[in-house]
Amino acid sequence: MTVSQVREKPVAKPAVPVRRNGKRPFAKWVGEFGWRHLVAVLVLVFGLVPIVYVVSAAFNPNGTLSSTSLLPTSFGFGNFKKLFTDPNVPFGRWFLNSIVIAVPAAFISIFISSLAAYAFSRFRFRGRRPMLLFLLLIQMFPAFLAVVALYLIFGSIGEFYPVAGLNTKLGLMLVYMGGALGVSTWLMKGFFDTIPKELDEAATIDGATHAQIFFGMILPLAAPIIAISGILAFVGTMNDFILASLFLTDRPEMTLAVGLKTLTADNSPASYFGIFAAGTLLTSVLTVAVFMSLQRYIVSGLTGGAVKG
Amino acid sequence: MLEQRSRTAGSATAAGLIIKIAVLAVVAALAVWAALPLIAAEAWWGLALEAAIVAVVFYVYLQRRAIQLKYLIPGTLLLIAFQILPVILTIGTSFSNYGDGHRVDKDQAVEAIIAAGVQQTPGGATYRLSVGESASGELTLLLTDAADGSTWAGTEAGLTELPDATVDGTGRITAAPGYDVWDLAELNERQAELAALAVPTGEESGIKVQGLSAFEGTSTRSYDDACDCITDAETGTVWYADNEAGSFLTEDGEPALVGWRVNIGADNYTAVLTDPDIRGPFLGIFTWNILFAAGSVLLTFAIGLGTAMALNKPSMRGTKVYRTLMILPYAMPSFAMLLVWAQMFNRDFGLVNDLFNLDVNWYGGTWSARAMVLIANTWLGWPYMFLICLGALQALPSDSLEAAKIDGATGVTAFRKITLPLLLIALTPLLISSFAFNFNNFNAIELLSGGSPFRAGDAVGGTDLLITYAFRQAFGATTADYGFASAISVFIFLIVATMSAVMFRFTRNQEDVYS
């Protein structure tokens, strides 16, 4: 504390703005902001430790769990190289499988949900309310709860149509498409309701058909919510383990979730941990980029009631 | 006239009409493609169902009155096929004994038991043997006729020709479409399952495995309609049919290896409620399942709310950076991070023991394993809670807080009496769905602990949830019991339905969603 400050104080004492300038600015700062920063930093430490650990493991040239510490001690790209050269780790195939399944599944299910959401938002018909309620109920039942039945169903589908049975990507995709319907229909209906109906009416007067209104007007206007629902469906599919592990059992046919799990299994070589971490890091680049760029929309989508899988 | 029609018609423009015709043509083509295998298999019910679906689709898109149906039908069909039908089938299966040893019908079971008594007859066909599993997990003998090199697939149900199989130099099948062919190591490991398998080829003949080959022969066993029993002429054993349990039993009550699928009523349910070997562990799982879900919601909500309160200050510097970093755990692929956490809890080399200088065997004890899954699951879930809490805090009506401040309510009081109740009203539906999500959080348990710790000889692990327990009953290493697993699934359905009912009560006030 400087002399001038000390001398100034008694002068300023009776004045009103005392509080605002503060006797001890630091104490005031602590009371107002300090604890906030403290909480944030503490929570961030908890939140970031595992992520730092993965990064450290991915660049650890030894690649074993025992030689990995929180902060890297040495550095190398060996794990990433092995990810694409080790014949026992078809990471490229896994990545491709996940994308090939998740992208079309998300795309088609979002399209179908948007159709249904349009009907619920713009048409009035008998049975609309019960159907909405039923949809609300069904979205509480994730598809994997009936995993035994799905397994049996696709076992018999495979007898008639080998392209869509167990052990096929198409079969798994069909399940994922059905599973995402309820949630995204609800999200999208909520958004469609906020698009003024006067727009539809104006378009109808201009001679537009219902299909033209939907494809030409509603869909473009609803782009943000479609993006969010699509991303949530995509991420949910990428993260699914239970169905993917049942459907795709051949090593080169696995998805990322099932494939990466085999790398940390007890009977895998110890040095696979580094490869696993490198694979995790590459996988997260995709999801993190998507989340970061759409942060704002995702927050509003979440408050609308979506739960990430 | 034309003007008016164009307003109600589905596709008045030329382009629209062309698209519509193209889509319906694709539907028709798909329908023909889908019908062919059904006709080949003479599955007339399936064909009728398919025709009905196609007829509905064509009707909906060609009519002009109920336009909403055109938008609803794709989703409805998909929802029925992959959400509603599985639920109904689960309920149906839960009343049966479907599973290993009870996969086939009674006639096939009789044939299989007779075939198991096959003795080689001189001059009978011999086969080179491979073994595989069909896509639906059925154990199958993949046979190459030693005489003419033709290839066959044999199951409990009988022998079918397998024309597209790939054979190696010795004539053994190495790959076949629709089958997962075992290698030698697996063949050795699962020899016991093979010994039990017999492929019937006729009334009293069948194929049996011997080492790496198989032979056809006649059986010493025969089925007698009068007593509904199977007699082995050589050993004198008699198996009587128990039509309620779906098995053939000797007089000592020893079941034959193959039974058949029957409706066993509510046995799977009563077993859960009355069988002490199942009831105790089941109640244990159930309690822990609720604890896990409630604990996860509470912990994530507490941390998320605390952080949101801390960052809900527009004049604070760095909030953007904090928020971006806090979304990071949420944006990471959750399955991979669960696997990372599983490694971090490794006893000898894991980060957790390392950082805190502990020597806890996390997977060893029930409660340490439970603490472990809760910690990891909290890590996964709190950013979500943070985001929704922050959103809800910013949407709170500022006038009630102002009024409270004027009335003299400060910090903690204002939070407890005003902020928290208002928040809870807004967030209850989300908290309930979070509870429901965690109640069935298969990934968190399967990828972290796999249900462990297991006590010796116990089918139930210390961290098992109902869903992981059901999954293991159906697909675990031990014998598959689809009936019992389905019964557990139905319990889960009921619990989830109850949660939904509670949630409806909270959302009923928000009537506007239906408007």
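Leaving aside its neighbours within four places in sequence, which residues is A:Val147 in contact with? I will come back to that.

This is a predicted model, where local features need pLDDT of at least 70, side-chain atom pairs count only at pLDDT 80 or more, and totals for chains, interfaces and linings use all residues. Residues are numbered from 1 along each chain as its sequence is written, and chains are lettered from A and ligands numbered from 1 in the order in which they are written.

First, the core. A nonpolar core here is a set of buried Ala, Val, Leu, Ile, Met, Phe, Trp, Tyr and Cys residues joined through C-beta atoms within 7 Å; buried means 20 or more other C-beta atoms within 10 Å of the residue's own, with C-beta atoms placed from the backbone. The largest has 171 residues, and A:Val147, B:Leu338 and B:Leu448 touch the most other members. Helix H13 of chain B, residues 366-395, gives the most to this core, 15 residues. Helices are DSSP runs of H or I, at least four residues, numbered from the N terminus.

Back to the opening question: A:Val147 is in contact with A:Ile242, A:Leu243, A:Leu246 and B:Phe471, sequence neighbours within four places aside. Contact means C-beta atoms, placed from the backbone, within 7 Å.

Next, the chains. In total, 98 residues of chain B contact 86 residues of chain A. On the chain B side, helix H4 (residues 67-94) gives the most, with 17 residues. That side has 68 nonpolar, 26 polar and four charged residues, where Ala, Val, Leu, Ile, Met, Phe, Trp, Tyr, Cys and Pro count as nonpolar, Asp, Glu, Lys and Arg as charged, and the others, Gly among them, as polar.

Key. Two residues are in contact if their C-beta atoms, placed from the backbone, lie within 7 Å. Helices (H or I, at least four residues) and strands (E, at least two) are DSSP runs, numbered from the N terminus. A residue is buried if 20 or more other C-beta atoms lie within 10 Å of its own, exposed if 12 or fewer, and partly exposed in between; C-beta atoms are placed from the backbone.
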